[in-house]
Amino acid sequence: MLKGKNLLVYADGQVVAAAKSCRIIHDREMIEVSNPTDIHNKSYRAGRNEWTVSVNTLLMSVYRCFLQQGQKVRLSFVADGSSTDRMTGTAYVQNVDITAAMERLATGSFTFKGSGQFEYQANVI
């Protein structure tokens, strides 16, 4: 089971952020196809996979928020606190939404659009 608190964000090979919660959406494209034997109902076939991760996080300061739209990052989900098994994938920062409430405290949400597939890696040290 993947827990949102175990999301790590890598940029240039270094961990640059971690999330206490996240939302993972895995979707499969559905392609409409013709069915000459059933003209009254639509028919589909499965297409390609797609995934998105949304993160709401607490930032220490707005000026230190380095993640920019279009930036390529690597996301790593640790299976649990004691495990070395991970799911990793490359993604692009799709959306950045920061609300500055106080001088050095802000809330932010980020959406990452997956590029390629999640890769399962066992016993990563």
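This is a predicted model: local features need pLDDT of at least 70, side-chain atom pairs count only at pLDDT 80 or more; totals for chains, interfaces and linings use all residues.
Reader: Where do I start? How many helices and strands does the chain have?

Author: Start with the elements. The chain has 0 helices and 7 strands. From the N terminus on, the order reads β-β-β-β-β-β-β.

Reader: Take strand 1. Which strands does strand 1 pair with?

Author: Strand 1 covers residues 7–11. Strand 1 pairs with strand 2, residues 14–19, in the antiparallel sense over 5 bridges. Look at valine 9: its bridge partner in strand 2 is alanine 17. Strand 1 also pairs with strand 5, residues 72–78. That pairing is antiparallel too, over 4 bridges. Here leucine 7 has phenylalanine 77 as its bridge partner.

Reader: What lies between strand 1 and strand 2?

Author: A hairpin turn with 2 residues between the strands. Aspartate 12 in that turn has a positive phi of about 55°. Glycine 13 sits in the loop as well.

Reader: Is glycine 13 buried or exposed?

Author: Check the relative accessibility. Over 50% counts as exposed. Glycine 13 is at 68%, so it is exposed. Now compare sequence with space. Glycine 13 and valine 73 are 60 residues apart in sequence, yet their C-alpha atoms are 8.9 Å apart.

Reader: Which residues have the most contacts inside the largest nonpolar core?

Author: First, the general idea. In soluble globular proteins, nonpolar side chains tend to be buried together. In this model the largest nonpolar core has 15 residues. Leu7, Val53, Val73, Leu75 and Phe112 have the most contacts inside it. Strands 1, 4, 5, 6 and 7 each supply at least two residues of this core.

Reader: What does leucine 7 touch?

Author: Skip its neighbours within four places in sequence. Its contacts then include Ala17, Cys22, Val53, Leu75 and Phe77. Ser76 is on that list too.

Reader: Where is serine 76, and is it buried or exposed?

Author: Serine 76 is in strand 5. Its relative accessible area is 1%, so it is buried. Beyond four places in sequence, serine 76 touches Asn6, Leu7, Leu8, Tyr10, Arg86, Met87 and Thr88.

Definitions and conventions. Residues are numbered from 1 along each chain as its sequence is written. Side-chain values use heavy atoms; hydrogens and water are left out. Buried means under 20% relative accessible area, exposed over 50%, partly exposed in between (1.4 Å probe, protein chains only). Two strands pair if DSSP finds at least two bridges between them. Contact means heavy atoms within 4.5 Å. A nonpolar core is a set of buried Ala, Val, Leu, Ile, Met, Phe, Trp, Tyr and Cys residues joined through side-chain atoms within 4.5 Å.
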